[in-house]
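Good morning, and thank you for making time for this presentation. I would ask you to keep the sequence and the structure in view while I speak.

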Amino acid sequence: MRGRERGPAVKAGGGREEARQRGNSEKAFRNWALLLLVAVVAAYANHFFNGFHFDDFHTIVNNTNIRSLRNIPRFFTDGTTFSSLPTNQSYRPIVSTTLAIDYFLGHGSVFFFHLSTFLLFLLQGVVMYLLYLSIFDRSQRGPLNRYVALVAVAWYLLHPANAETINYIIARSDSLSTLFILLAFVVYIRWDDGRRRHLYLVPFALSCLAKPIGAIFAPLLLLYIYLFEETAGSRLRRLGAGRRGRRVDGLGVQPLRAGAVQRRGVAGAAAAGGGAGHAGRRRRGGAAGAARGASGPGGRDPLCLNKIRC
């Protein structure tokens, strides 16, 4: 009885210990993530009051179209609203919309433009983490995957190559396009209902509306499917093999192949008939076996010489 009572107690104690270790692991990961956030904010703390530069002047400072939220619908129908210079006008309505919102919030203050760009940058890091973690888990699940994903995101957020994009306000087109591409991947990979309903195409479209380079999502998605989704990758490989076969058939190889099959069929039938006749002659019994035998010289069956009914 004591042993029976001790068993559940040991299991309960082991469960509490496992839960405690899991809680400590979660707390440690949150601390590392918070440390990364502090490091990124510290790295960009001195950029919030930087001035306008280069293309900022004809797209923000001198662009009267972004000074009213009522012009947002026009951004999607009129590409000339993007810039005050005709030679620099292009169709990027998502970028113009975010600039108009920043102008409305800060009345033209440079701080709000930099703040929104930086917040988009942080959001991009969160979406990147979800994407990296999904890919790592699909390749091989493990408790260290989230730490590897966090290190990859930290490398990106703290790399000095991104400083120009974050400091240069109008360069947010790159940040927005990248953010929506990453979001499209996350919706496709992590949300089954979103994949079935093709909702990942919504952020894909927004990416293209932020910058035309967003169209790169299409080939990247095909590459992801080929590399990480075995069933779909097999379908693509079979599809490629089928297309190669149809191209060969289109060159006139199919008739030759059919002729070769027919010749092999005739030869096989003749060989089968000859073998049956040889067996019939060896058995020397049964008219059915003799009838299937091969004909002798002169077209007469040799068994007829033995007065067997032909």
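**Helix packing and salt bridges in a predicted model**

Let me begin with one residue. Setting aside neighbours within four places in sequence, Ser173 is in contact with Arg92, Val95, Ala210 and Lys211. This is a predicted model, and that should be kept in mind throughout. Ser173 lies in helix α8, and it is buried, with a relative accessible area of 4%.

One of the contacts of Ser173 is Ala210, which belongs to helix α10. Is Ala210 buried or exposed? Its relative accessibility is 0%, so Ala210 counts as buried. Not counting residues up to four places away in sequence, Ala210 touches Arg92, Ile94, Val95, Ser173, Leu176 and Ser177. With Ile94 there is a separation of 116 residues along the chain, yet the C-alpha atoms of Ala210 and Ile94 are 5.0 Å apart.

The protein chain has 13 helices and zero strands. Of its 310 residues, 32% count as buried. Among contacts in the chain with a separation of 6 or more, 62% are between residues 24 or more positions apart.

I turn now to helix packing. Two packed helices are described by the angle between their axes and by the distance between those axes. What are these values for α8 and α10? Helix α8, residues 172-190, and helix α10, residues 201-210, pack at an angle of about 165 degrees, and their axes are 8 Å apart. Angles over 145 degrees count as roughly antiparallel, and α8 and α10 are therefore roughly antiparallel to each other. Their crossing is left-handed.

On the α8 side, the residues in this contact are Ser173, Leu176, Ser177, Phe180, Ile181, Leu183 and Ala184; on the α10 side, they are Pro203, Phe204, Leu206, Ser207 and Ala210. By class, the residues of the contact of α8 with α10 divide into nine nonpolar, three polar and no charged. Both Ser173 and Ala210, with which I began, are in this list.

A second pair of helices is α4 and α5. Helix α4 covers residues 93-106, and helix α5 covers residues 110-139. The axes of α4 and α5 come within 8 Å and cross at roughly 130 degrees. These two helices are therefore oblique to each other, and their crossing is right-handed. From α4, Leu99, Asp102, Tyr103, Leu105 and Gly106 meet Phe112, Phe113 and Ser116 from α5. This contact of α4 with α5 has five nonpolar, two polar and one charged residues.

The remaining topic is the salt bridges. How many does a search of the whole structure find? That search finds eight salt bridges.

I shall start with Arg195 and Glu229, whose closest N and O atoms are 2.8 Å apart. Arg195 lies in helix α9, residues 192-196, and Glu229 in the loop between α11 (217-228) and α12 (230-283), so this pair ties together parts that are 34 residues apart in sequence. Arg195 is partly exposed, with a relative accessible area of 23%, whereas Glu229 is buried, at 9%.

Arg138 and Glu229 are 91 residues apart along the chain, and their C-alpha atoms are separated by 8.6 Å. Arg138 is partly exposed, with a relative accessible area of 38%.

Other salt bridges can be described briefly. The side chains of Arg74 and Asp78 meet in a salt bridge with an N to O distance of 3.4 Å. Arg74 is partly exposed at 35% relative accessible area, and Asp78 counts as partly exposed at 25%. Arg141 and Asp137 form a salt bridge through their side chains at 3.9 Å, N to O; Arg141 is exposed, with a relative accessible area of 68%. Finally, Asp193, Arg196 and Arg197 are linked in a network of salt bridges.

To close, I return to the two helix pairs: α8 and α10 are roughly antiparallel, while α4 and α5 are oblique. Thank you for your attention.

How values were computed
Residues are numbered from 1 along each chain as its sequence is written. This is a predicted model: local features need pLDDT of at least 70, side-chain atom pairs count only at pLDDT 80 or more; totals for chains, interfaces and linings use all residues. Side-chain values use heavy atoms; hydrogens and water are left out. Axes are lines fitted to C-alpha atoms, for helices over the stretch in contact, and angles run from 0 to 180 degrees between N-to-C directions. Helices (H or I, at least four residues) and strands (E, at least two) are DSSP runs, numbered from the N terminus. Angles under 35 degrees count as roughly parallel, over 145 as roughly antiparallel, 65 to 115 as roughly perpendicular and the rest as oblique. A crossing is left-handed if the near helix is turned anticlockwise from the far one by less than a right angle, and right-handed if clockwise. Contact means heavy atoms within 4.5 Å. Ala, Val, Leu, Ile, Met, Phe, Trp, Tyr, Cys and Pro count as nonpolar, Asp, Glu, Lys and Arg as charged, and the others, Gly among them, as polar. A salt bridge is a side-chain nitrogen of Lys or Arg within 4 Å of a carboxyl oxygen of Asp or Glu. Buried means under 20% relative accessible area, exposed over 50%, partly exposed in between (1.4 Å probe, protein chains only).
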